[in-house]
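Let's take a walk through this structure together.

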Amino acid sequence: MSDQVRIPYVAREKDLKDLHLSQVAPEDQPKTALEILGEMLKYKRSLKLYLDVCTHCGACAEQCHSYLGTKDPYNMPVARVDLVRRVYKQVFAPGPSILKSWDGAKAIDQETIDLWYKYFHQCNQCRRCAVFCPKGIDTAEVTIAMRELLAHIGLPSRFHAGIAKNMAKTGNNMGNPLPAVLDGLEFLEEELKEETGLDIPIPVDKEGAEVLFNPSSSDLYVNTDGFMSVAKIFYKAGVSWTLSSKITETANFGLFFHEPTMREHSRLLVQAGKDLGVKRLVAGECGHGWRTWRMFTETINGPLPFPVIHLFEEVLDYLREGRIQFDKSKNPEKVTYHDPCNYARGGDLIQQPREILSACVQNFIEMTPTAQYSFCCGGGSGILMDEAMEIREALAQPKAECVRSTGAEILCAPCAICKAQLPDVMKHHKVDVTIKGLSDLMGRALIL
Amino acid sequence: MADLNVNGVNIPLDEDGFLEDSDLWNEEVAKALALTEDVEELTEEHWVLINYLRDYYQKFGVAPMIRKLCKETGFNLKKVYELFPGGPAKGACKVAGLMKPTGCV
């Protein structure tokens, strides 16, 4: 890339070192990228399959919020993956070269790398295209692979690399050192006391607790109402729980671009659970983090001595057993629900949040489309960089129209990325709605 | 973003306009950073926020949780946005010379 600045910004050399990555000279990038792609094709069978079986039918194009929002033809899932497919056909696919050129094959060059960087950072890995593809091609898998490839030629985004570095240093994405985490938790205990008059504990490293709760670190910075609600629910249900000082992060950004980070994050959580001797791990509100825990933890770090479950599954148990009750009148507003992509299309969480909502809010209305057909917020896969704000706003356009048409006052979006993305982009699209987690609504309605 | 020049001293900024080196912060630098955040004049109320952020940062190395910032300065979130239109993380932290809070924020 010549003098243009890449959006999002590329990681600096000092950030790469901590992830055991290094910069590759621009002139060497195409060659190195080809070598990595060749290796990936050997062990990522899904990647090879998706490159082979696309018929270019175009069923994905109009289902992708990225294309709908940006109107950039490269953001059609078929075209995005073709940026890799054309190189794959040229180099790795069988057949005579004359047929390959008719089939769109193209040699890799520096421009290819530029296009990969740009367009694999405009895919939210939301998997909506996969719901509509007759061949079941999951572009998210291709984006994950291509971001991994880019990372290994020194081109992860600065935002993602910085977060992975924070995670490795502190056990949370914000890079909060333990004394700061503990200071914040002590403050929240005082807040709980002031609000309820009760001594509601936030235990840390409590050995033998029943539950190890793993929040998102943003719950301890900005979404504190939701976190305090969780403490209230455990208190009311009489469940012994704890946080771990080793890890206060469900959001596993490694999934988006760097498999070693993803694996290490998962290992850290499992180890924390084993060290504390808990009966189960409970994940807080985070879409992709949940997908990682539910779908990959057992494979990567199994066999596990305990189940990994979601907060909503845990709360539903309490509700059904009558251990907690809600007073719906505390949430009288018109509430609609945004399905985080990785709950609805990657984590088996569609009905559970709705069952909770119907118990704790008075006026719940569905959005259209909904559940596995729901549109991404536009922040998925960690596209939360300030420098990418114009793109984020465009990516959010289809969702904004869905929310607007509900007329809801509250948009329940139980995922830390969605909560970071939606306030800015809803404001940009002039949708007047307040964003809340499901925990926030549960906490308001909980009868203590 | 272009670096700051404060009384003849070059102060490097990152692309988001945050200090590359927090140790280079002083009150004059704060005033120059405020201008980049559309804050023309730092009033007493601005300094209450800035000083709280600086103290917390020196003790813990990060920004305080927003709820705590509000509680201990006595400013609600709306007031914080009035003082720093960029908000507590991206506006106030920048002027106070802190690192930019990152993650799902």
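Start at Leu441(A), which sits in helix H22 of chain A, a helix made of residues 438–445. Keep in mind as you look around that this is a predicted model. Is Leu441(A) buried or exposed? Leu441(A) is buried, because 27 other C-beta atoms lie within 10 Å, and the cut-off for being buried is 20 or more. Setting aside residues up to four places away in sequence, Leu441(A) touches Asn331(A), Cys360(A), Val361(A), Cys412(A) and Lys436(A). Take Cys412(A) from that list: Leu441(A) and Cys412(A) are 29 residues apart along the sequence, yet their C-alpha atoms are 8.3 Å apart in space.

Cys412(A) also leads us to the core. The largest nonpolar core has 159 residues. Which of them have the most contacts inside it? They are Leu150(A), Leu357(A), Leu411(A), Cys412(A), Met442(A) and Leu53(B). As a bit of background, nonpolar side chains tend to be buried together in soluble globular proteins. The largest share of this core, eight residues, comes from helix H9 of chain A, residues 139–152. Leu150(A), for its part, touches Trp116(A), Tyr117(A), Phe120(A), Leu155(A) and Pro156(A), again leaving out residues up to four places away in sequence.

Stay with H9(A) for a moment and look at how helix H3 of chain A (residues 45–53) packs on it. The two helices meet at an angle of about 120°, and their axes are 10 Å apart. That angle makes H3(A) oblique to H9(A). H3(A) passes H9(A) in a left-handed crossing. On the H3(A) side you'll find Ser46(A), Leu47(A) and Tyr50(A), which meet Glu141(A), Val142(A) and Ala145(A) of H9(A). Sorted by class, this contact has four nonpolar, one polar and one charged residues.

Now for another pair of helices in chain A: H5 (residues 77–91) and H7 (residues 110–119). Their axes come within 10 Å and cross at roughly 150°. H5(A) and H7(A) are therefore roughly antiparallel to each other, and H5(A) passes H7(A) in a left-handed crossing. H5(A) brings Arg80(A), Leu83(A) and Val87(A) to the contact, while H7(A) brings Thr112(A), Leu115(A), Trp116(A) and Tyr119(A). By class, that gives five nonpolar, one polar and one charged residues.

Next, find helix H20 of chain A, residues 397–406. Which of its residues are buried? They are Pro398(A), Lys399(A), Ala400(A) and Val403(A). These buried residues pack against helix H4 (65–70), strand E5 (334–337), strand E7 (410–412) and helix H21 (416–428), which also belong to chain A.

The axes of H11 (residues 178–196) and H12 (residues 224–237) of chain A come within 11 Å and cross at roughly 70°, so H11(A) and H12(A) are roughly perpendicular to each other. Leu188(A), Glu191(A) and Leu192(A) make the contact from H11(A), and Thr224(A), Phe227(A), Met228(A) and Ala231(A) make it from H12(A). The classes here are five nonpolar, one polar and one charged.

Where does chain B come in? In helix H3 of chain B, the buried residues are Ile66(B), Arg67(B), Lys68(B), Leu69(B) and Thr73(B). They pack against H11 and H12 of chain A, together with helix H2 (44–60) and helix H5 (87–95) of chain B. Just past H3(B), Gly74(B) has a positive phi of about 80°.

Step back to see the two chains together. In total, 14 residues of chain B are in contact with 30 residues of chain A. The largest share of chain B's side, three residues, comes from H3(B), residues 66–73. That side of chain B divides into seven nonpolar, three polar and four charged residues.

Let's end with Glu20(B), in the loop between strand E2 (9–11) and helix H1 (27–36) of chain B. Glu20(B) is exposed, because 11 other C-beta atoms lie within 10 Å. Apart from neighbours within four places in sequence, Glu20(B) is in contact with Pro12(B), Leu13(B) and Asp14(B).

Terms used. Residues are numbered from 1 along each chain as its sequence is written. Chains are lettered from A and ligands numbered from 1 in the order in which they are written. Two residues are in contact if their C-beta atoms, placed from the backbone, lie within 7 Å. Helices (H or I, at least four residues) and strands (E, at least two) are DSSP runs, numbered from the N terminus. Ala, Val, Leu, Ile, Met, Phe, Trp, Tyr, Cys and Pro count as nonpolar, Asp, Glu, Lys and Arg as charged, and the others, Gly among them, as polar. Axes are lines fitted to C-alpha atoms, for helices over the stretch in contact, and angles run from 0 to 180 degrees between N-to-C directions. Angles under 35 degrees count as roughly parallel, over 145 as roughly antiparallel, 65 to 115 as roughly perpendicular and the rest as oblique. A crossing is left-handed if the near helix is turned anticlockwise from the far one by less than a right angle, and right-handed if clockwise. A nonpolar core is a set of buried Ala, Val, Leu, Ile, Met, Phe, Trp, Tyr and Cys residues joined through C-beta atoms within 7 Å. A residue is buried if 20 or more other C-beta atoms lie within 10 Å of its own, exposed if 12 or fewer, and partly exposed in between; C-beta atoms are placed from the backbone.
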